[in-house]
Structure formats: structure tokens, C-alpha cells
Amino acid sequence: MTSTDQQPFLSVKDLKVHFSTEDGVVKAVDGLSFDLVKGQTLGIVGESGSGKSVTNLTILGLHDPARTTIEGEILLDGKELLSASERELERLRGNKMSMIFQDALASLSPYHTVGTQIAETYRKHTGASKREARARAIEMLRRVGIPQPDVRVDDYPHQFSGGMRQRAMIAMALVCDPELLIADEPTTALDVTVQAQIMDLLKDLQQEFGTAIIFITHDLGVIADVADDVLVMYGGRCVERGTKREVLGAPQHPYTLGLLGSMPSLDGPVDVPLSPIPGAPPSLLNPPTGCRFHPRCGFAEKVAGGLCSTERPALDVVDGRGSACHLTLEQRAEFFADFAGSRHH
Amino acid sequence: MSNTNPLLDVSGLTKHFPIKGGFPIRRTVGAVQAVDGLDFQVNEGESLGLVGESGCGKSTTGRLITRLLEPTAGTVRYRGQDITHASRRELAPVRSEIQMIFQDPYASLNPRQTVGKIISGPMEINDINPAGGREKRVRELLEIVGLNPEHYNRFPHEFSGGQRQRIGVARALALEPKLIVADEPVSALDVSIQAQVVNLLQKVQQELGIAFVFIAHDLAIVRHFSQRVAVMYLGRIVEIADREDLYGNPRHPYTRALLSAVPEATVDEDAPARERIRLVGDVPSPINPPTGCRFRTRCWKATEKCATEAPPLVQAEGNKPGHLTACHYPETADPIPAPRLAKNTEAAA
């Protein structure tokens with residue numbers, strides 16, 4: 001689904017983000033590249049510590065420069081972000097790129113009404129009058145499905161329910177019609193019925209505005225619902241990418257395969273054990289050598305010469321599709337064959 | 001499934017938390033009706049899943065069964081013995097047979113105690129001295145839950161989240177319980193680790209024949225783990241059935257909507273498009289729940305009758321024995337008429 005004819009709106013090239021801590025250097029992101037065109041959704045999947053959130057905070061320029069070493073290139077609509085001044089970034093944030101987070105209550109100020117917070121963002125970037133901004137805030141609240149927006153605009157965040165707060169945060173994020181929206185686990189704290197509402201809302205708004213969305217989540221089910229392209233991260237690196245259909249339907253990396261095998265489905269077999277990935281995600285202070293997944297990988301011994309523990313597998317991307325694994329394509333076809341049988345019902 | 005001798009028999013279980021207010025004398029001004037009239041049984045060696053969204057009372061139910069909370073009304077019988085208002089002393093022998101596993105593997109282990117101390121804690125309290133000594137038993141338990149017995153002297157912070165949850169399981173197993181109440185035991189864990197813990201619990205359930213009350217919001221995991229499933233909404237059970245019936249033939253509109261809202265990681269083009277029901281709005285407040293059927297404010301079928309008459313939890317026409325539904329207008333397998341759904345979504349805008 002990646003349209004090659006369209007110029008990428010966001011382009012991340014060989015991004016490295018390292019933090020210095022008392023215990024040593026944490027390599028949170030270690031050579032990550034991807035492109036995103038307008039109107040598309042890129043789903044980034046990964047477990048805790050995979051670097052998915054750090055990547056996006058870096059795009060937004062929200063890291064403390066004193067503690068962070070950032071290398072690589074981030075181009076937003078042709079503009080280089082890593083060398084941009086704080087002032088420029090401030091102008092871009094909220095206006096051209098925007099974000100929503102998992103915890104809406106922590107992301108909204110408890111001392112100001114929801115309406116004020118939305119209007120403030122709008123005024124800062126457009127210089128609109130207070131009256132215009134208030135009208136705009138009400139309009140946005142209506143757009144995201146808050147009932148009686150002209151009344152609720154004067155409510156404080158604690159007067160909203162969890163789902164409504166998330167909607168209010170989406171309204172705030174979209175008030176200046178940003179072209180890039182970064183959604184970091186926006187539905188994780190919500191119940192499934194509300195999660196479904198929020199995902200529908202994001203899809204509708206994307207259709208209306210043509211926003212490019214980066215959707216970060218650990219939930220492959222959510223990815224299957226919202227994403228066009230998928231990027232799977234493990235230990236600060238991308239291990240597999242492609243369209244949603246390619247990655248979820250015919251995974252090429254043992255980690256992706258393992259994630260899918262760990263999840264029970266609503267119509268799969270019961271009373272048989274799941275197939276979990278053994279072990280735990282790696283520490284990024286002292287990550288495994290070679291392929292970072294190799295200590296947990298069931299296929300590592302199939303690769304000749306112990307390559308998995310010594311050499312980092314390359315991520316060769318052709319037409320947006322790629323995976324970083326030392327297994328040959330023939331081996332994968334053989335070993336992963338059971339997968340299709342077990343997932344299709 | 002009203003078996004003759006259920007392990008756990010709950011009837012009319014109710015918990016209202018009082019809300020205090022006013023000055024200078026704080027009096028009760030209302031109540032959070034967290035759980036309101038639950039009836040269910042758990043048989044020996046069986047796993048009953050409790051699902052529902054936040055605030056539906058599933059955790060409160062777990063705490064009532066284990067008597068961490070005292071019910072406002074109703075009865076809890078364990079092996080025929082009424083433990084609803086039993087004193088601490090009366091509860092002691094029962095407590096060793098009913099154990100609990102908690103959601104947060106970080107908060108539920110004492111950081112100052114070694115793993116050995118944590119797991120042998122229940123044996124100490126109940127003054128149980130297994131043959132060969134407590135330490136030997138702890139090492140056995142560590143082995144059962146897939147941890148290295150050598151880790152006896154380590155502290156919780158040296159373990160990952162998944163390993164900590166294993167320690168919690170070992171502690172729950174220490175007294176050879178008959179019933180384990182597991183409150184969201186895997187939801188704080190990473191996806192790849194969740195499956196490890198689910199497998200462990202399943203092994204424990206099957207090999208040791210322990211009955212489970214498995215509380216979770218993840219419908220796929222509950223289906224995988226529990227032979228019978230109860231769906232809760234705002235303090236009440238709306239539907240309870242064997243898992244095949246509940247997932248294959250949901251009769252309550254809420255169950256159906258809940259199932260349709262679960263995102264599934266499949267991209268099979270040939271598979272028929274899954275039904276999508278989008279509920280409007282949020283769960284109402286349990287302080288002032290809707291009259292009659294509590295789901296009616298979000299239900300596309302609701303009528304006058306739903307507002308005035310609370311539907312009883314009964315075997316609706318067409319249900320198999322043991323499949324109980326609390327709805328005046330139970331669902332059929334037919335697709336939901338489109339206009340109704342359209343109306344439903346409009347109301348949301």
C-alpha cells in the first residue's frame with residue numbers, strides 16, 4: 001500500500017538515539033529508517049523498551065539535549081528537524097505535527113478547562129482572537145463526538161470520562177490541522193468498546209484531513225485495524241516492515257511470528273498451550289550482540305556459523321518490505337509454514 | 001449450571017461502598033453500587049472467567065469471594081459453608097484453600113523479602129510444616145512455576161515482570177489451594193510474556209485440578225483459559241455460559257457488542273468481514289445506575305420495558321442449559337438491522 005509515486009511527508013533515516021545514564025549508555029534507538037506519506041497510517045509495534053516511544057519523542061524534538069545523543073536525519077516535509085532550533089520546533093509542534101498520548105488525564109492540565117486548553121493551542125499558532133478560538137474549540141469538540149460541546153467546553157478534565165478525555169486530547173492535537181499526528185498507545189488505557197470508538201474517530205478524521213499518522217501500540221489487533229504499513233521494533237531496531245497484510249499475514253521475522261503466536265484469538269483452538277516467546281526483552285544498556293533477538297529465537301541454531309550471535313542482520317528493504325534475519329528465504333518458507341495453518345480458521 | 005455440590009456458591013452477592021459527605025457530621029449520602037446481586041457457582045477444578053469493562057465490578061467480586069471485602073448483602077458459600085460474614089478465626093482454614101493472584105507483579109511482592117521468604121510466608125502464617133521442611137517445598141514450587149530453585153535467596157527487584165508474576169503464582173500454590181482468584185494476572189505484562197504466564201496457569205489448573213475465578217478484560221485470553229465465562233456490566237452479570245456458547249452464540253446485546261469491538265490480528269481477505277457494533281457513549285456511573293436494565297442507555301434495542309423492569313438472569317429461549325442471559329430481547333444469530341446501527345452512530349456524532 002506504500003505509494004512510491006508520492007513524496008514522503010516524513011522521512012527518518014538511520015536514526016540513533018542514545019542516552020547517557022549513570023550505568024552506561026542506553027541505545028534506545030539504533031539505526032531506524034522509515035518513510036510516511038500523507039493520508040497513511042504507519043503502525044509501530046513493539047514491547048516495552050523496544051524504542052518505539054523514544055523514536056517519536058525524537059521526531060517531536062522532546063529530548064533533553066544534554067543527556068541525549070541523536071544521530072541520523074529526520075525530514076518533515078523536506079525540512080531537517082534534528083538541526084532545527086527550539087523555536088522552530090515549537091512552531092512546528094501543534095501546528096504541523098502533533099501528538100496524543102496514552103494517559104489523557106496526565107496530558108491535560110487539571111487547572112484549566114478543556115476549552116481553554118484547546119483554544120490556547122489554536123491562538124498560539126494562528127493568532128486568532130479569544131472569541132474565534134473558543135468557537136474553534138467547540139467546533140473541534142463537536143467533531144470528535146463530545147455531546148453538547150458548547151456546554152462541555154467549560155468543563156475541567158476531571159469532569160470528563162476516560163473516553164471523553166481521549167477525545168478532548170485528539171481535539172487539541174488536531175485543532176491546527178496538523179499534517180502529522182503521532183499517537184502513542186492512544187487506546188491502551190481504554191475499554192474495548194471505547195477503543196473501537198476512538199479508532200473509528202481517528203480513521204474518519206484522517207480521511208477528512210489527509211493526516212499522516214504514526215500509531216504506536218503493543219497490540220497487533222489494533223494494528224490490524226488502523227494501520228496501512230507496519231514496522232516491528234525489537235531492542236531499538238526495526239526487525240520487520242511491510243504492509244499490514246504482508247507483516248501480519250505472512251511474517252518473515254521470527255519475532256513477529258512469535259508475537260502472533262503468543263496471542264490467543266477469539267476463534268482459535270482452546271485448551272492447547274499458546275506458543276510464547278521464551279525469555280524477556282533485552283536490556284538496552286547491554287544488548288545482545290549480533291541479532292538482538294537471538295537469545296530468544298528458536299531458529300538461531302538453524303543459521304550456520306553462529307552468525308546470529310556475532311553479526312547484525314541487515315534490513316534490506318525492497319518496495320517497503322523487509323526483515324532483518326539471517327535465515328534464508330527458503331528456510332523461512334519451510335519453518336514458518338505452520339503459521340498460516342494455525343492462524344487461518 | 002447448578003451442580004449439586006459446587007465448590008463456590010454465590011447468591012445475591014452485593015457490595016455497596018458508602019459515599020460520605022456533609023459537614024460537620026459526615027453521613028452517608030449515597031453508595032457506589034459496585035456489585036449488585038450476583039449469582040454464580042464455581043465447580044471443583046473448573047475455571048470461570050469474569051469479563052467486563054473497567055468499573056463493572058469484576059475485581060470487587062474477586063475481593064468479595066476471598067473475603068478481603070465483606071459483602072453488603074447476599075451469601076458466599078465455600079464447600080457449603082457460609083463464609084459471608086465469617087470472623088477472621090472462622091475464615092482461617094478457608095483462606096488457606098482460597099488464594100489470590102494480583103495484577104501488578106511489582107506491587108504485590110514485598111521488596112524487602114527474599115523470594116524464599118515471600119513464598120514460604122503463607123506456610124508460616126498457617127503454621128504448616130511440610131515434610132522435608134519449608135525450604136524444600138519452596139524450591140519445589142519454584143520449579144513448578146518455571147523458576148530456578150537457586151533463586152531462593154534473591155529479591156523481587158532482581159526479576160523481570162513475567163518472573164515476578166511466576167513468584168506470585170508460586171506463593172498462591174504454597175498452601176495447595178482448591179480455588180485461585182486471579183485478578184488480571186497478565187494484563188501488566190508484555191505480549192510475549194503474557195503467553196508464558198497463561199500457559200503456566202493453564203498447566204497449574206489442569207495438573208493440580210485447581211478451580212479458578214479468572215478476572216480479565218481481554219476476551220481472547222479469557223476464552224483461552226476459562227471453560228465457563230460470565231460477562232459483567234455495571235455490577236451485574238448480563239450473561240453466563242460455557243465458552244463455546246458465549247462466544248459462538250452471544251444472546252445479550254452487550255456481549256455481542258463487546259465481542260465485535262475486540263480488534264483481531266488477522267488480515268485474511270477471504271474471511272467474512274467481522275460484525276462491527278459500535279456502542280454509543282460511556283458506561284454510566286455506578287452511583288446512580290440506570291433503572292431496569294443497566295445496559296439500556298447504550299442498547300439499540302431498549303424499550304419502555306427495559307427502563308422499568310430489570311431483566312432476570314435466566315435461560316432464554318433457544319439457550320442451552322446453563323446458558324443464562326439477562327435481557328428482555330435476547331439476540332439471535334441474525335445480523336443487526338443496519339438502520340438501527342446507523343441511528344446508533346448518528347446519536348454519537
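The end C-alpha atoms of residues 12-260 of chain A lie 27 Å apart. That span is 41% helix and 27% strand. UniProt, in an unreviewed entry, places the feature "domain: ABC transporter" at these residues, 12-260 of chain A. The model is predicted. This briefing covers the domains of chain A, its contact with chain B, and two residues with a positive phi.

**Domains of chain A**

- The C-alpha centres of domain 1 and domain 2 of chain A lie 31 Å apart.
- Domain 1 of chain A brings 13 residues to the contact, and domain 2 of chain A brings 13 residues.
- On the side of domain 1 that touches domain 2, helix H8 (residues 192-209) of chain A gives the most, with 6 residues.
- By class, that side of domain 1 of chain A has 10 nonpolar and 3 polar residues. It has no charged residues.

**Contact between chain A and chain B**

- Here 41 residues of chain A are in contact with 38 residues of chain B.
- Four elements of chain A give two or more residues to the side that touches chain B: H8, helix H9 (220-226), helix H10 (244-249) and helix H11 (254-262).
- H8(A) gives the most to this side of chain A, with 6 residues.
- By class, the side of chain A that touches chain B has 19 nonpolar, 14 polar and 8 charged residues.

**Residues with a positive phi**

- Most residues other than glycine have a negative phi.
- A:Asp77 is not a glycine, yet its phi is positive, at about 55°.
- A:Asp77 sits in the loop between strand E4 (68-76) and strand E5 (79-80) of chain A.
- A:Asp77 is partly exposed, because 17 other C-beta atoms lie within 10 Å, and partly exposed falls between 12 or fewer (exposed) and 20 or more (buried).
- A:Glu185 also has a positive phi, of about 50°, although it is not a glycine.
- A:Glu185 is placed in the loop between strand E7 (180-184) and H8 of chain A.
- A:Glu185 has 18 C-beta neighbours inside 10 Å, so A:Glu185 counts as partly exposed.

Terms used: Residues numbered from 1 in each chain as written. Chains lettered and ligands numbered in written order. Predicted model: local features only at pLDDT ≥ 70, side-chain atom pairs only at ≥ 80, totals over all residues. Domains from an automatic or database assignment. Contact = placed C-beta atoms within 7 Å. Nonpolar A, V, L, I, M, F, W, Y, C, P; charged D, E, K, R; others polar. UniProt positions renumbered as here; feature names shortened; annotations may be inferred.
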